[in-house]
Amino acid sequence: MSISIKAQLQVPRVCKLLQQRAQISASRCSTLDARSILASKSPNAVHASRGQSLQARAAQKEAVKPKPAAKKEKQAGTELTWQPGTPEPLGPSLGPSQKGINFALYSEHASAVALEIYTEEDHSVHEIMLDPTQHKSGHVWHVLVDTLPPAGVLYAYKVQGQGGWETGGRWYNEDMLLDPYAPLISGRRCFGVRDEIEEFEEKQGSLFWGTFDFESPSFEWGSDYQRPNLAWQDLIVYEMPVRSFTADASSGVGAGKQGTFQGITEKIPHLVELGINAVELLPVFEYDELEFQRIPNPRDHMVNIWGYSHINFFAPMSRYAADGAGPAAAAKEFKEMVQQLHKAGIEVILDVVYNHTAEGGDDDPYVLSFRGIDNEVYYMLDAQNKSHLLNYSGCGNTTNANHPAVKQMIMDSCRRWVEEYHVDGFRFDLASCLCRDSNGTPLDVPPIIRDIAKDPVLSNVKLIAEPWDCGGLYQVGGFPNWDVWGEWNGKYRDDVRCFIKGDAGVKSAFATRISGSADLYHVNNRKPYQGINFIIAHDGFTLYDLVAYNGKHNDANGEQNRDGSNDNFSWNCGHEGETSDADVNALRQRQMRNLMLALMVSQGTPMVLMGDEYAQTRNGNNNWYGHDTKMTRFEWDQLESVRDTYFRFYSEMIKFRKAHPLLGRSDFLRPNDITWHEDNWDNSDSRYLAFTLHDLGQGGGDLYVAFNAHTFAIDAHLPRAPEGQTWRRVVDTNLQAPKDITPGGNKGVDPVYSVQPFSSILLVAK
């Protein structure tokens, strides 16, 4: 039975501001000063729709009985009718016969739920109180609003429950709460620029609405479209923040596209020239980049460019749309980006943050969604004191990922990104958080990790775990995997850094890492490519800063240099920071090349960081998440200045790895695949390592590699090349460009090759 709306809640301030959405132009995104808007905003302005509790609203509705004159009120606005609806699917969906919108919200402990709806047609906010006798099935609250259009609607929930914090609940009766399953999110339009639409209030933060677009035609992927479906062992991953890649004017993509999905699309030719074949995008789910400016604090000058602070797991970041065009445009432009990357043979891996949300801890919560809908379901609580959230993420809260409802939400999110947006895989941030039960106890068989590994959709994409968390759970080599999950190999990073900078006693560890980390991954049916080898990642120094700084320099972050890792295993080559000393700068150039050569000849899947291809510096800042400035942006003019020197070496090394069959194997090395030219394994002072990879019919020719981390030269007596072939130099990091790399090999080398201090060589037998 369809029920006509009893009361229409007019919220003049909300409606007036929402009407201004269409007036925000592209120029505003690039010229409006965020601080001036914030300063002009009255801190005492009260969000009208947050002003009453659900109980008060229910009482008000009971007092407002239908009258004959009500027809005039309906004519002035949208007449809403509704019926019970269905509990599946969660989130908004088209009703029967593609008419109306069904809403479904999971809340196990709520005692009252109201759906708040704003329509563009009449610029009004309507409230529908859900009667649990008709609108609740199990733990799902639901309603079918018959007369809603398929687009042009914003919505949120108000939720009420019983009991205080000691029960595990955190109820905020007056707050508008985002639907965890909202497919799109509407908030401020332009990245880092406050506007009146978001109705920012100090401490309370910004207002975000759920929305949907069931009206636009389905995205046309094209009749000739194909996913790359690259083999794991062939991947070369390029980690990059969406914002920083093209935010700088030197990108040349135009003001409205800077820092957007379209910006990436326009710069695909660079990725092709570089040679990588997979991008790992830092978080692209909706987040509040101005979260640090919610209250006065030492970090309130910062803008979050990394995005490890989701407010939803289904919606693309709306401010990554070009020209501030909004959430539907962001979804479309993300698909266009994926489509064009796939056309170029490049896969798309998403860095996903299912371990926590932006809502923070109990000291200063940012109430947006999950916390107010059902805190006890969505977050881990101290079993002995439910007033305390457990914090294994380092961000104030930890998602209760192995609760059945939360597990289902995470899997539904992953499937949506694979099926709707065509992504090729995921890197799970702090994935060890997902290996804990509701009380934080580590699980040997975590349900969420197991179910993803066995899911018919998700088991067929790349699954990569960051196998540790901030609670001390370190699972490198031991992450529950079902022979499906890969891992970030943190031990590879540390051991390679230490050897190349000349530390004593790490040669054996270095050899183990570059030969595939069999000590970690040669178990059951795991493969070497399931170890993701990286020397540099977003979280830490750039490649240049690794060889230019002994310590972090994070003063600009506002935390007195206390943030960021102290364990960098870096070496400044004799001078801290920038210098005009030619010898120091030459050594740094060699060391960067040594590290790149080590990464590209290692067995396992290599990952590099955006900007390292031109030796980007962040002046020693190893925790640069909050700087939307020159410090963090890809500077395309700097790339041009090293295109024929360092960039050439970097990109040619990537291409050499892709082309040579002995690198990037699908199986671990066998004894006859490799010869170690070594009799000093037990000498902790030995800093020289050489080996030959043998071509046993794979093609490409034998490879001879040597690394010298001593302060003196080593005469390498080369092994005899295969019959009819000679050793030809591909790389000598001691030589100046363009001789530092000769992709096809030079004309030949002498039987004894002098490997200079802090340098390395790569030879091919032809």
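Leaving aside its neighbours within four places in sequence, with which residues is Asn 708 in contact? The views below are taken from a predicted model, in which local features need pLDDT of at least 70 and side-chain atom pairs count only at pLDDT 80 or more, while totals for chains, interfaces and linings use all residues. Residues are numbered from 1 along each chain as its sequence is written, and side-chain values use heavy atoms, with hydrogens and water left out.

View A. Beyond the excluded neighbours, Asn 708 is in contact with Arg 687, Tyr 688, Ala 713, Ile 714, Val 755, Gln 756, Pro 757, Phe 758 and Ser 759; contact means heavy atoms within 4.5 Å. Asn 708 is buried, at 2% relative accessible area (buried, under 20%; exposed, over 50%; partly exposed, in between; 1.4 Å probe, protein chains only). Strands (E, at least two residues) and helices (H or I, at least four) are DSSP runs, numbered from the N terminus.

**View B. Phe 758 in the loop between β27 and β28 (759-765).** Although not a glycine, Phe 758 has a positive phi of about 45°. Its relative accessible area is 9%, so Phe 758 is buried.

**View C. Asn 561 in the loop between α17 (543-546) and α18 (582-601).** This non-glycine residue has a positive phi, near 65°. Asn 561 counts as partly exposed, with 22% relative accessibility.

**View D. Cis peptide bonds at Pro 89 and Pro 738.** The bond joining Glu 88 to Pro 89 has an omega of about -5°, and Pro 89 is in the loop between β2 (81-83) and β3 (91-94). For Ala 737 and Pro 738, omega is about 5°; Pro 738 lies in the loop between β26 (727-732) and β27 (752-755).
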